[in-house]
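This report describes the architecture of one protein model for a reader who meets it here for the first time. The text begins with the pairing of strands and then turns to a helix and to the protein as a whole.

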Amino acid sequence: MSYFISTAPITYVVLDFETTGLNHQTDDVIEIAATRLDENFNETASFQTFVQLYHHSEVSEFIAGYTGITTEMIATGMHTDLAFDMLRKFIGNSIVVAQWAPFDLAFLFVKSGGFFPRDFICTKAFTSLVAPDESSSLGPTCERLGIELLTAHRALEDTRATGEVLARYVQEGHEIPKNTLVVSPGRPFKFLPQR
């Protein structure tokens, strides 16, 4: 019997989607961002694109106000299939990191035709374990940790802030909880990630 042991360095891809709503079956992804981090949490590459609408005819006034993304901004974005094909290649075998993994992994799974990463890390769950009496939302977490988040709810800014949250917890000596979720009030699981 032979064994193969991978010597490839660990990489992380921090992922964030901006969407037209919360339903991964019927809502559209309108912006994708992903940043690749090396084993020391240094950014080595990034991917960002607007995505054309598929189910909807326009971005709602609420979502435009929330994200700053308008129908006009995404009109020249990538087609959904192309955007998610490129994202899958960008992720490769990396560990996917997301602020609220059930949300982002649900959209990733549905929009990419069933793709699921090897492993994932949910920083919201991580925060709930590290600081159970504090808010685990990205904005308050960044504020507590002294991490700058200039444009919340824009995908690339959110990925960079999420990556910094992960790096800070590791620097503080916390063990990374892979494939772990924490149930919290107001955040029901609409999609249970594999693994």
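Strands β1 and β4 run parallel and are joined by 3 bridges; strands are DSSP runs of E of at least two residues, helices are runs of H or I of at least four residues, and both are numbered from the N terminus. Two strands are said to pair if DSSP finds at least two bridges between them. Opposite V97 in β4 stands V14. Strand β4 also pairs with β5 (residues 120–122), again in the parallel sense, over 3 bridges. Here F120 in β5 is the bridge partner of V96.

The model is a predicted one, in which local features need pLDDT of at least 70 and side-chain atom pairs count only at pLDDT 80 or more, while totals for chains, interfaces and linings use all residues. Residues are numbered from 1 along each chain as its sequence is written, and side-chain values use heavy atoms, with hydrogens and water left out.

Buried means under 20% relative accessible area and exposed over 50%, with partly exposed in between (1.4 Å probe, protein chains only).

| Residues of β4 | Direction | State |
|---|---|---|
| I95 and V97 | one way | buried |
| V96 and A98 | the other way | buried |

Helix α3 (residues 80–91) has 12 residues and reaches 16 Å from its first C-alpha to its last, close to the 16 Å expected at 1.5 Å a residue; the expected span is 1.5 Å times one less than the number of residues. Its buried residues are T80, A83, F84, L87, F90 and I91. Seen down the axis of α3, these residues fall within an arc of 115 degrees, so they line one face of the helix; the arc is that of the directions from the helix axis to the C-beta atoms. An α-helix has 3.6 residues a turn, so residues three or four places apart point the same way. The face of α3 turned away from its buried side carries the exposed residues D81 and K89. The buried residues of α3 pack against β1 (12–19), β2 (29–37), β3 (43–50), β4 (95–98) and α4 (101–111), where contact means heavy atoms within 4.5 Å. Just after α3, G92 takes a positive phi of about 55 degrees.

The protein contains 7 helices and 5 strands, and from the N terminus on its elements run β-β-β-α-α-α-β-α-β-α-α-α. Of its 195 residues, 45% count as buried.
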